[in-house]
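Hi,

Here is the model I promised to pass on.

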Protein chains: 2
Amino acid sequence: MLNLQTKKQKFYEPLSLESGRMLLEYKLAYETYGTLNADKNNVIVVCHALTGSHHAAGKYKNDDKSGWWDGLIGKNKAIDTDKFYVICVSILGSCYGSTSPLSIDKSTGKQYRLNFPVLAISDVVKAQMRLFKHLGINQAHAVIGGSLGGMQALCFAIEFADFAKNVIILASTYQTKPWAIAFNKIGIEAIKNDPEFKNGEYNEHEILKNGLKGMAYGRMAGHISFLSPDSMDKKFGRNYVKTDGLYELFGRFSVDTYLQYNSINFTKRFDPLSYLYITKMMNIFDCTRHYDSLEDALSPIKAKLTLIAFSSDLLFPPSCMQQMQESLLKLGKNSKFILIDSDYGHDAFLVEIDKFQNHVREALNE
Amino acid sequence: MLNLQTKKQKFYEPLSLESGRMLLEYKLAYETYGTLNADKNNVIVVCHALTGSHHAAGKYKNDDKSGWWDGLIGKNKAIDTDKFYVICVSILGSCYGSTSPLSIDKSTGKQYRLNFPVLAISDVVKAQMRLFKHLGINQAHAVIGGSLGGMQALCFAIEFADFAKNVIILASTYQTKPWAIAFNKIGIEAIKNDPEFKNGEYNEHEILKNGLKGMAYGRMAGHISFLSPDSMDKKFGRNYVKTDGLYELFGRFSVDTYLQYNSINFTKRFDPLSYLYITKMMNIFDCTRHYDSLEDALSPIKAKLTLIAFSSDLLFPPSCMQQMQESLLKLGKNSKFILIDSDYGHDAFLVEIDKFQNHVREALNE
């Protein structure tokens, strides 16, 4: 059992953002597992995905649910907390304790709401670097993340090339492709147009109680994009809800109840403004933006890279990571591309830990 | 130029439905192209997809848009109207002139609305057979359809095995898989919960003027499912709307405007109740339901089958049609499976006519 406690750190020095705007001050919520050694060189930074949080492993007291990567992080696990000091930070914009659209804008004394600045992956990474510096950590043994967390890991590798010795990227990409942007569009439109969203001025406590329907539609789209035709066949088939009539207009298949259940639950744990800002962050992610080519963008990298893709991932298909690998090899970088055969689609980086944990262990212990 | 006119036919004999319910009377809207020969044996039945209509080819006076399969149907085209008499019928439940949830229920004198019975593919096919009988047509040279139209074509082949000599099925399946059901779920939930839907009691003229937002979200999901990651890359890439700022929260990529434009347009031409009933019809389609196996289900078929699948179709992936082909060959049926290499996803059966028209021509003229 890990001894868990959410830690918070506030920073009073303004953070300049990629957009040209600025956060006058900000706070970060984070969790750590394991013990920082005397040389402060056993740090592993774990980056969370779109709707994740700093709670990556272990259980809180009186909570029956473990952190989102508990299968990977802990005593004797691939990210061994007997050996490593693991840090996971809730990204700026998210709703689990770090500065978000619901935080107070110091310049107005009111919550930001829709005046919150658009954040880029580079921004949330830069904000984390300040935390590490504050903790006296100048180098990480590794940075690891999947999906949006993988984008952060890549950004660490490019923009803070001296920071991490190893960077492990799972189920991610060097730029978000239109397929992913399209899925995000459903949530963006449905949230924005939901009368209960009130142009961002909703009561944040009420909205979690009732669940914003518009966000539920977006999350349904998300859940589809996280799976694949094959994984749905295996998981649900054409099973029908036994108490619903086949010829009832609103009768449901198992896949319907899965989407319904998960999307409604989601609206009771996640803030709609955070959802909008983080999908935006994902959509505009493109590590090549300020470079002439992908090769050019990857050229600053000094870390050893491990790229783990999943065969049935439609959201961030293996081809993106393969392209990265080709560029990295051309550049003579130390990089390994691993394709995991999986039917679980994008979700594989969360649910098929058995299939890739040894690759992570190896990358960390080589 | 085809001389176009929507024809209507009303039937006063009750239609028993798969659900155990009954339509006391119904009407069908249809269009024909070409001339019926004296032997009445040059008929080609064209079946439309989810949101299609009987207007498959040609242009109406003062209309600048052609029918949905105009590239395939006409003088000297693959379905040559100099040679064949082509009939396309708006299916029951749809909103272009055939009996629908907005029709008057004879037993109450009021519109059906949510009391409209759930229809199965078998029902809409049976209803069409009555029309053909009424027109003195006892046999078709061919039945052809894509997507939901392909389901109808398959149903003709199984349930009216003596009717069509040739059956051509494109981008379809023998049963709807959970991937497709999941995409439909977004529209079902978003329509049902939209306050403007008013539990099906909306004003049908007003709703077309304003466009039901809930249906727009469902249609966005539909448009995603009709494409593929590759087709989106080619069609949109990461192009951004020039007048939108990259760091504006609601700034849009090209793919966003595509989804927005098409989904909003759709809400101004399609009825939400029809959408619910036809997605339901698609979801419950499973030609094996009353049989022990796919092979068993296909055993009544006498027609020569042509199965045309598209490599990047994620909605009804080629594997479904391939399974059908294997069963048909085991049964010793006359069947041909053609896999078209395409990046256009499910949409290919509508937009890549060049790639498959010769296969259709061949199937019709052998």
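Starting with chain A: helix α2 (residues 148–159) of chain A lies across β5, β11 (140–146), β12 (164–170) and β13 of that chain, and runs at about 145° to β11(A). Contact here means heavy atoms within 4.5 Å. Angles run from 0 to 180 degrees between N-to-C directions, with axes fitted as lines to C-alpha atoms, for helices over the stretch in contact. Helices (H or I, at least four residues) and strands (E, at least two) are DSSP runs numbered from the N terminus.

Before you go further: this is a predicted model, in which local features need pLDDT of at least 70 and side-chain atom pairs count only at pLDDT 80 or more, while totals for chains, interfaces and linings use all residues. Residues are numbered from 1 along each chain as its sequence is written, chains are lettered from A and ligands numbered from 1 in the order in which they are written, and side-chain values use heavy atoms, leaving out hydrogens and water.

Now the sheet in chain A. Eight strands make an open sheet with mixed pairing, in the order β1-β4-β8-β5-β11-β12-β13-β14 (chain A); two strands pair if DSSP finds at least two bridges between them. At the edges are β1 (7–11) and β14 (335–340) of chain A, each pairing on one side only. From one strand to the next, the twist averages 20°. Six bridges link β13 (residues 304–310) of chain A to β14(A) in the parallel sense, and I308(A) has I338(A) as its bridge partner in β14(A). Helix α1 (residues 121–134) of chain A also packs on the sheet, touching β1, β4 (26–33), β5 (43–47) and β8 (85–89) of chain A, and its direction makes about 60° with that of β4(A).

Over to chain B, where an open sheet of eight strands runs β1-β4-β8-β5-β11-β12-β13-β14 (chain B), with mixed pairing. Its edges are β1 (7–11) and β14 (335–340) of chain B, each with a single partner strand, so one side of each has no neighbour in the sheet. Strands β12 (residues 164–170) and β13 (residues 304–310) of chain B run parallel and are joined by five bridges; I169(B) has L307(B) as its bridge partner in β13(B).

What about the interface? Chain A and chain B bury about 4900 Å² between them, 74% of it on carbon and sulfur atoms. That is the accessible area (1.4 Å probe) that two parts lose on being put together, summed over both. The contact takes 55 residues from chain A and 55 residues from chain B.

On charges, the rule finds two salt bridges across the interface of chain A and chain B, a salt bridge being a side-chain nitrogen of Lys or Arg within 4 Å of a carboxyl oxygen of Asp or Glu. D286(B) forms a salt bridge with R238(A), with the closest N and O atoms 3.7 Å apart. Over all chains, the search finds 36 salt bridges.

Cheers
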